[in-house]
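Work through the exercises below with the sequence and the model at hand. Try each task before reading its solution.

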Amino acid sequence: MSDEPTPARTAPGHAVVVGGGLAGITAALRLADSGLRVTLLEGRPRLGGLAFSFKRGDLTVDNGQHVYLRCCTAYRWFLERVGGAHLAPLQPRLDVPVLDVGHPRGPRLGRLRRTALPVPLHLAASLAGYPHLSLAERAGVGRAALALARLDPADPALDGIDFATWLTRQGQSPRAVEALWDLIGVATLNATAPHSSMGLAAMVFRTALLSDPGAADIGWAHVPLGELHDTRARRALDAAGVRTELRAKVTAVLPGPHGRWVVDVPGERLEADTVVLAVPQREAHDLLPHGALDDPGKLLDIGTAPILNIHVLYDRAVLRRPFFAALGSPVQWVFDRTDASGYTDGQYLALSQSAAGDEIDEPVSVLRDRYLPELERLLPAARGAKVRDFFVTRERTATFAPTPGVGRLRPGARTHAPGLHLAGAWTATGWPATMEGAVRSGFTAAGAALSALGRPHVHPLEEAA
């Protein structure tokens, strides 16, 4: 972009999307598909937001392990739209190995698997044989699941209580919380049960486990995330006619003449008929004009939660499965990233550690001393392997914090300022901070913008139906 300001753009039907994460990319594609001229502005040198890749020597490293479920229909639309669905396939059927190394009689492997039976029978056999819970605890989990099925996640009363309180009322033991509810909840909500809104927890468990037999089947990228969220996304944006500007940090969003908007970036001023702010909540707060929201300070009350990712490169294969979850260890989830990263001298494991507030600022040396012995406990083959590299990536504000009461803080896509809309996983999507929530927010913001402009449009998931 030039150093000198250029004249304001005045062509009609112009939309500016601020932010090139999944929400912004989605909004830009939807607006362009509906015939608007679209400019996408991203302050970073890449697209993808907080789901990206970077180079470390010859490796291509994802900043963290991201997965999605079959019920994530919006993110699946995104993958199809950028031509990457075949690069992030789903399991044929849910199958999660769960290894408990804290059992008094030694390590025990269990599995959470589904059958083709209808809900809730699809998980009955797996739960009946789950070795990490007692017979009474398994029966109690079944009763709690039936109670969950009767809840409405959109009930505001559920947002005001925490998941742990509800689980206690349902007779769930601390072991059941650790070995099942938090095993899933921490990975999807980025918080333990005491710090999770019951509304969001109900949404996750009802949608993933109680809506359709295949809803919780897991998918993940078999290529670097940057291939999907940057390279292929940029290709799709270009094909749709979107002008994409990287390293374009927006400094102001202001009302312009004749009901239009002015968006300032260094060296350029753009005029737009509609603007979508698809940036984190604090950045959105700083860019919102006066009066756009009744109480913009609520955006600053939406907390954030960190995720720590630990990367270990061994000189040989130490894990035979693509991933597993752990109990009785600080290790949470372990994924094999060897092929996706381009590593050829052994095996590359990535540990995804959610709700990592106690560890996010720990020195690498401390984390190395803590986690390498744990991997040797979990994986006997690692005991004789040489560690070629050990490093960490830290996302201190990886997600919004799903704390009780967060629902009343999350704004919708529409603001009081005509033509100005909000997008981002932190907005009122009904979902926790996931890739699915981000894409859904892009749908909603684009739909609101098109409606305000009088442009006919159909929701993309209705198109697919």
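**Exercise 1: backbone exceptions**

Arg247 has a relative accessible area of 64% and is exposed (buried means under 20% relative accessible area, exposed over 50%, partly exposed in between, with a 1.4 Å probe and protein chains only). This is a predicted model, in which local features need pLDDT of at least 70 and side-chain atom pairs count only at pLDDT 80 or more, while totals for chains, interfaces and linings use all residues. Residues are numbered from 1 along each chain as its sequence is written, and side-chain values use heavy atoms, with hydrogens and water left out.

Task: find where Arg247, His258 and Pro120 lie, and describe the backbone at each.

Solution. 
- Step 1. Arg247 sits in the loop between strand 9 (243–245) and strand 10 (252–255); helices (H or I, at least four residues) and strands (E, at least two) are DSSP runs, numbered from the N terminus. The phi of Arg247 is positive, near 55 degrees, although the residue is not glycine.
- Step 2. His258 belongs to the loop between strand 10 and strand 11 (261–265). Its phi is also positive, near 60 degrees, and at 80% relative accessibility His258 is exposed.
- Step 3. Pro120 is in the loop between strand 7 and helix 3 (124–128). The peptide bond leading from Val119 into Pro120 is cis, with omega near 0 degrees.
- Step 4. For background, most residues other than glycine have a negative phi, and most peptide bonds are trans.

**Exercise 2: a buried threonine**

Task: is Thr244 buried or exposed, and which residues does Thr244 touch?

Solution. 
- Step 1. Thr244 is part of strand 9 and, with 8% relative accessibility, counts as buried.
- Step 2. Leaving out residues up to four places away in sequence, Thr244 touches Leu40, Leu47, Arg234 and Leu237 (contact means heavy atoms within 4.5 Å).

**Exercise 3: two helices**

Task: how are helix 1 and helix 9 arranged relative to each other?

Solution. 
- Step 1. The axes of helix 1 (residues 22–33) and helix 9 (residues 225–239) come within 10 Å and cross at roughly 15 degrees. Axes are lines fitted to C-alpha atoms, for helices over the stretch in contact, and angles run from 0 to 180 degrees between N-to-C directions.
- Step 2. Helix 1 and helix 9 are therefore roughly parallel (under 35 degrees; over 145 is roughly antiparallel, 65 to 115 roughly perpendicular and the rest oblique).
- Step 3. Helix 1 contributes Leu22, Ile25, Ala28 and Leu29 to the contact, and helix 9 contributes His229, Ala233, Ala236 and Leu237.
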